[in-house]
Amino acid sequence: MKINFLRRSPVAVLAGIVALGLAGGLTFNAYRNWKLPESDSVGTPPIAALSTPDNPAIASPIRFLENRVKQDPDDFSAYNKLAAYYLQLLRETGNIAYLDLTLRAAHSSLAVVPASQNIGALAALAQAEYASHNFVAARDHALQLIKLTPNRSSSYQLLGDVRLELGDYDPAIAAFHQMEQFSRGLTLGTETRQARLAMLRGEAKVAQRHFSNALALAFNSPVPPPETVAWCHWQLGETAFAIGDYQTAEQHYQAALSAFPDYFNALASLGRVRAAQGDLSGAIVRYEAAVLRLPDPTFVAALGDLYQLTGQEKKATQQYALVEQIGHLSTVNGALYNRQLALFYADHDLNAEVAYANAKGEYAVRRDIYGADAVAWTALKAGNLAEAQAAIKQALRLGTQDAKLFYHAGMIAHAAGHQAAARNYLQRALALNPQFDPLQALMAQKTIAK
């Protein structure tokens, strides 16, 4: 079996590029001329080829297992263990290079032993497909897992997660119900899924209760996993931020960072809450740390907006250019960041037709409420008002209480000349979360004042 050795991961290289950009020495050509390294579809490069993991307890067994499959390419069990470790590193770092590694390990395992006799590899493959936003393939493999293991709760959990992302809400709820039946009691998985459903229904307090239960379950495990504890705190922070409770949100973000230092989601969210509290310089510091840790387009765009608001226009331009480059670096990036890039364009009145086409193309497959919202917002910016009005109705159909959804609905109503409805939606957005976005909240306020 041929093993291709990657010299550096895509995100590792991007982190270096971002560091240059933050220092003020980056030009647009540096983004445009950088290319991803080539890789084979099977085989697993060593962990040394990536940035060194912060978790030495994982790095050591990974190196052992990679040497093992190099010596014995038919050791499917070693591939499965590698896939599990790579997925853990993906959760801990956000580094999408681990998606490639997981997929390659799973495919290598399945090439040795077929899925009917290799549930571990099939499950890893489905999880990696889900993480890479290949939701149709993940759904099909989740269904295959259920057929092979009809009494395993994790298979229904995965199917429910995928169905939610595809906008198949009733089948998702049914899958989670099956998951609960086979779980036999409260688990971290069942509680977090109930929390997510509650948020979609606009029931923030219910979601907070479920996330709190999940956090307690994580703490009560024999060895509380730091990343899981941090993730639960982060979710509680996100739930608090969504209803404008910035103090509680900040407390949870700080708790997440105490549990798992430099946790990229908590770093970025702490920057966002600092901006909402009016501390723009503090917000910039946090976002710069988050972007250096993980150059996610949402983090980069938010940092650019903060630079813009503080009069650092050159730096803002650099970050906006980087958003586009990250979104187009590879096929995986395109799948992961398509929606983020479309919304970035719409928020900043850039490439309206491209944003609309991207959002609409994704919604043809992934018909969730946030996909409908992306179509609505980009359609408005592209001048397709009737479609924007139809799509925003779909985005609001579950009763989700999200300030950005209300803001988009208000701006669409304003463009249609329905000023009473526009004012109602915009006021609802600002009442729910007054500083939901540094730039867009200002636009909402200006529109109401007209």
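**Close-up views of a predicted model**

View A. Asp349 is a residue other than glycine with a positive phi, near 55°.

**View B. Arg184 in the loop between α9 and α10.** Arg184 is located between α9 (169–183) and α10 (188–200). Its relative accessibility of 74% makes Arg184 an exposed residue. The phi of Arg184 is positive, near 60°, and Arg184 is likewise not a glycine.

View C. With a relative accessible area of 54%, Pro261 is exposed. Although 31 residues separate Pro261 from Ala230 in sequence, their C-alpha atoms are 8.9 Å apart in space.

**View D. Phe299 and the nonpolar cores.** In soluble globular proteins, nonpolar side chains tend to be buried together. The largest nonpolar core of this model comprises 122 residues, and Tyr263, Phe299 and Tyr407 have the most contacts inside it. Apart from neighbours within four places in sequence, Phe299 contacts Phe264, Asn265, Ala268, Tyr287, Ala290, Val291 and Leu294. A second core, separate and made up of 10 residues, includes Ala195, Phe211, Ala218 and Cys232.

**View E. Helix α20, residues 369–381.** The 13 residues of α20 should span 18 Å at 1.5 Å a residue, and the end C-alpha atoms, 19 Å apart, agree with this expectation. Because 11 of its 13 residues are buried, α20 is largely enclosed by the rest of the structure. Among these buried residues are Ile369, Asp373, Trp377, Thr378 and Leu380. Gly383, with a positive phi near 85°, follows the helix.

**View F. The pairing of helices α22 and α23.** Two packed helices are described by the angle between their axes and the distance between the axes. For α22 (residues 403–415) and α23 (residues 419–432), the axes come within 7 Å and cross at roughly 160°. The two helices are therefore roughly antiparallel to each other, since the cut-off for that class is an angle over 145 degrees. Their crossing is left-handed. Residues of α22 that take part in the meeting include Phe406, Tyr407, Met411 and His414, while those of α23 include Gln419, Tyr425, Leu426 and Arg428. Tyr407 is also one of the residues with the most contacts inside the largest nonpolar core.

Methods:
Residues are numbered from 1 along each chain as its sequence is written. This is a predicted model: local features need pLDDT of at least 70, side-chain atom pairs count only at pLDDT 80 or more; totals for chains, interfaces and linings use all residues. Side-chain values use heavy atoms; hydrogens and water are left out. Buried means under 20% relative accessible area, exposed over 50%, partly exposed in between (1.4 Å probe, protein chains only). A nonpolar core is a set of buried Ala, Val, Leu, Ile, Met, Phe, Trp, Tyr and Cys residues joined through side-chain atoms within 4.5 Å. Contact means heavy atoms within 4.5 Å. Helices (H or I, at least four residues) and strands (E, at least two) are DSSP runs, numbered from the N terminus. The expected span of a helix is 1.5 Å times one less than its number of residues. Axes are lines fitted to C-alpha atoms, for helices over the stretch in contact, and angles run from 0 to 180 degrees between N-to-C directions. Angles under 35 degrees count as roughly parallel, over 145 as roughly antiparallel, 65 to 115 as roughly perpendicular and the rest as oblique. A crossing is left-handed if the near helix is turned anticlockwise from the far one by less than a right angle, and right-handed if clockwise.
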